[in-house]
Each structure stands twice: as structure tokens, then as C-alpha cells.
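User: I am new to this structure and would like to learn how to read its features one at a time. Could you take me through it slowly?

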Amino acid sequence: MTEFNDYLENITTFSLTKGEPEWMLKLRQDALKLVDTLELPHIERVKFHRWPLLDFKESVWQGDNFRGYVGVPSFDEMGDNPLIVQYDRDTLFEQLPQHLVEQGVIFTDLFTAMTEHSDLVQQYYMTKAVPFNEDKLTAAHAAFMNSGVFLYVPKNVVIKEPLEAMFRQLSGDHFFKHILIVAEEHSEFSYLERFGSELDHKAAANIVVEVVAKNGAKVKFSAVDQLGKDVTTYLNRRGHIMKDASVEWAIGVMNDGNVVADFDSDLVGEGAHSEVKVVAISGGRQTQGIDTRVTNKAPHTIGHILQHGVIRERGTLTFNGIGHILKKAKGADAQQESRVLMLSDQARGDANPILLIDENEVTAGHAASVGRVDPEEMYYLMSRGLHKTEAERLVIRGFLGSVITAIPIKAVQTEFIETIEGKLNA
């Protein structure tokens with residue numbers, strides 16, 4: 001009880017310091033009451049119950065911590081596209097072109113959004129995509145959230161330039177980051193986020209991303225995750241996709257620490273569509289468990305999953321692909337492919353396809369494989385004069401190429417390729 005009261009006091013102080021509306025403080029308090037009563041999420045074939053995801057520290061609540069960060073990109077390197085940069089809990093840079101401001105686009109830190117657009121944030125924050133009371137980790141996230149971003153694109157607004165968010169963890173503070181994206185009817189845009197860290201001691205990250213795509217909206221979401229070996233991470237990205245809307249996910253899981261991830265798309269409106277592409281590399285003694293789920297809740301919805309992973313040394317990588325067609329979702333289509341390349345005799349990989357079909361007159365299928373680099377591909381490349389190492393690298397880059405090509409910024413594509421090369425050469 002003493003610990004609960006301490007957390008409650010800290011939550012209240014933090015909320016008041018940030019000037020949060022009353023509804024947000026109440027949500028935090030309600031979530032805190034649930035943390036000890038709920039179970040951890042179930043990730044098939046991944047044992048993460050002893051991971052330090054709930055080992056909180058007082059530093060989570062010690063106000064703003066701007067400390068003159070070294071290595072922040074200079075203003076002339078930022079470009080002209082919409083951009084927000086956050087280091088730890090601090091927002092260092094926001095940029096939104098005037099023509100987008102005039103069209104009603106909002107792209108700002110979450111606390112500013114709650115102050116200036118309280119009713120709008122309240123309508124969607126952990127109410128549509130990720131319920132705060134779903135499990136122990138979502139409740140902890142709702143209670144202890146300490147930074148985030150709000151992106152709102154109004155009806156019929158089409159944004160040609162990509163919107164970009166950069167998040168870095170430099171202190172020992174736990175990373176309770178929340179990204180809330182709302183795409184109003186028939187809006188269209190691309191969003192890219194990058195996570196990174198530079199730590200020399202242990203920390204944890206609890207990251208929740210909610211994408212609400214309303215009727216006819218089209219969202220292209222790409223992410224490159226590069227949190228370091230000292231960060232134990234829980235990642236939850238989920239789409240709430242309505243009638244004739246689409247969300248295309250391209251996610252590169254390039255972290256060096258242990259990761260448990262939940263990438264979900266709920267197709268709640270007729271004709272909703274989601275393409276989910278995930279690539280991951282595990283190495284060292286790292287464990288990564290990735291649940292990718294598409295739930296067809298309405299007729300004529302389409303959900304496709306593509307997961308490709310590479311494991312080196314003693315790394316462990318588990319892909320769970322879940323396609324679930326619910327009752328009344330006639331004409332739905334659920335397809336998935338999960339493939340894992342093993343680069344070491346001591347690597348451990350698992351591609352676990354799951355199809356749950358509760359309706360007739362639907363289309364569903366899956367493919368899964370765990371194995372070595374294709375010897376025929378290697379033979380072909382080496383017969384053209386390439387060294388074995390170079391040939392293997394080309395095969396792997398092609399194997400992971402589905403996400404690389406989906407990233408909307410050329411410089412970030414190049415950075416992502418360099419990250420892949422670095423992980424393979426480590």
C-alpha cells in the first residue's frame with residue numbers, strides 16, 4: 001500500500017506539473033489501480049515474465065530533464081519536412097510548414113496537445129486502438145507515460161512530404177513514450193519514426209503507438225527501431241482501421257537488447273486494408289519475440305503479414321503471425337508469410353503461423369520457414385565473381401528489402417542499410 005501511495009503521489013505531481021487536464025489524471029489513477037491486478041500480455045513461445053519491464057525508478061517523475069544534449073542535429077540538417085525531435089522526455093525541435101498549419105494539421109508533443117486540444121486527444125487516447133486496461137503493460141504505460149507525440153490530419157488533407165519523428169533515450173529514465181496518430185476521413189500521409197539510445201547502464205522502454213484511420217484514410221507508417229543492448233523494450237503498435245481505410249506498416253526491428261513486440265491491425269470497417277511488413281535481426285544472446293496480428297472484424301477486409309528475420313551468434317527470434325477472421329466478416333482475406341534465416345549453429349529461430357477462422361466464404365493462407373541462406377542463390381552470385389561474404393550480404397539485404405524500400409526518406413533508407421550492415425558485421 002505504501003508503494004501504491006508513493007506512485008499515486010508521484011503521478012499526481014507529474015500530471016499537475018505538466019498541466020494535464022483532469023481526465024488524464026483520472027485515467028492515470030485508474031490505470032495505476034489495475035497494474036497489480038492484470039496479467040502480462042501473452043506472446044506465444046516467448047518467456048519474458050522476468051524481464052525488468054516493471055522495475056520503475058523515481059527518475060521517471062523528476063520533471064523536465066533537458067541537459068544540453070550533445071549530437072543533436074543542427075537546424076540546417078533538418079530539412080523542410082514536418083519533424084519533431086525528442087531526447088528522453090524533452091522536445092528539442094518541432095517543425096510544421098505553415099501550409100499544413102493552415103489546413104488544421106497538428107504535429108506536436110503530447111502534453112501540448114492535451115493542453116491545446118484536450119477534447120480531441122481525450123476522444124482517441126487509449127480508447128480506440130489500445131485500451132489502457134488490456135493488460136499489465138498497457139496499464140503501466142497509461143499510468144506512467146512521460147513523453148509522446150500527437151499527430152492529427154484533418155478530413156481530405158493530403159500531405160505529400162513525409163512526417164518524421166526522432167526519439168532518443170540518453171538518460172537512465174524509463175522510456176514511457178506514447179505516439180497517437182489520427183487520420184480523419186480521406187486524409188493521406190506518410191509517417192516515419194526512429195527510436196535510438198546511447199546508454200551505458202540498464203534501462204527499460206514501454207512504447208505504445210496508436211493509429212486511428214477513419215473512413216477512406218490512407219496511412220503509410222514506417223519505423224526503424226535501434227534501441228541499444230542495455231534497453232529492455234516492450235513495443236505495442238496498433239491500428240484501428242475503419243471503412244475503406246488502409247494502413248501500410250513497414251517496421252525494422254534493429255534493437256540490440258531484449259524486445260517483446262505486439263504489432264496489431266484491427267480491421268473494424270468494411271473494406272479496411274492493412275499490409276504489415278516487419279524485418280528483424282537478432283544477435284549475441286539477444287531475445288526478440290514479435291507478435292504480428294491482423295484481425296478481420298468486418299466484411300471484405302484485407303490483412304496481409306510479411307515477416308522476415310535474420311539470426312546470428314546465439315540470438316533468439318520468434319515470429320508469431322496471427323490472422324483472425326471473426327464471425328460476420330464474409331469476403332475477408334487473411335494472408336501471412338514468416339521466414340527466418342539462421343547464420344549460426346547456435347541461433348534459435350521460430351516462425352509460428354496461426355490462423356483463426358470463424359466465418360465461411362473467406363480467403364486465408366500462411367507460409368513459414370526457418371533455415372539457412374539459399375545455396376542456389378549463393379552459388380549464382382559466387383559464380384559471378386563475388387566473395388562468399390559479399391554474396392551472403394547481398395542475399396540478406398534482398399531478404400530484408402521489403403521494409404527498406406518502404407521508408408519514404410532516402411537518407412533514412414541509407415542509414416537503415418548501414419544499420420543492417422553493422423548488425424551483421426558485429
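Predicted model: local features only at pLDDT ≥ 70, side-chain atom pairs only at ≥ 80, totals over all residues.

User: Is Thr138 buried or exposed?

Analyst: Buried means under 20% relative accessible area, exposed over 50%, and partly exposed in between, with a 1.4 Å probe and protein chains only. Thr138 has 0% relative accessibility and therefore counts as buried.

User: Which residues is Thr138 in contact with, leaving aside its neighbours within four places in sequence?

Analyst: Contact means heavy atoms within 4.5 Å, and by that rule Thr138 is in contact with Met126, Val130, Pro131, Phe132, Asn133, Tyr234 and Asn236.

User: How should I read a strand, for example β16?

Analyst: One can look at burial and then at pairing. In β16, residues 316-325, ten of the ten residues are buried, so the strand is largely enclosed by the rest of the structure. Thr316, Thr318, Asn320, Ile322 and His324 point one way, Leu317, Phe319, Gly321, Gly323 and Ile325 point the other way, and all are buried.

User: Which strands does β16 pair with?

Analyst: Two strands pair if DSSP finds at least two bridges between them. Strand β14, residues 287-296, pairs with β16 in the parallel sense over ten bridges, and Asp291 has Asn320 of β16 as its bridge partner. Strand β18, residues 348-357, also pairs with β16 in the parallel sense over ten bridges, with Gly349 of β18 as the bridge partner of Leu317.

User: What area do domain 1 and domain 2 bury between them?

Analyst: Domain bounds come from an automatic or database domain assignment, which here gives domain 1 (4-373) and domain 2 (374-425). Buried area is the accessible area (1.4 Å probe) that two parts lose on being put together, summed over both; for these domains it is about 2200 Å², 74% of it on carbon and sulfur atoms. In domain 1, Val279, Ile281 and Val373 lose the most area to domain 2, together 25% of what that side buries.

Conventions
Residues numbered from 1 in each chain as written. Heavy atoms only, no water. Helix = DSSP H or I, 4+ residues; strand = E, 2+ residues; numbered from the N terminus.
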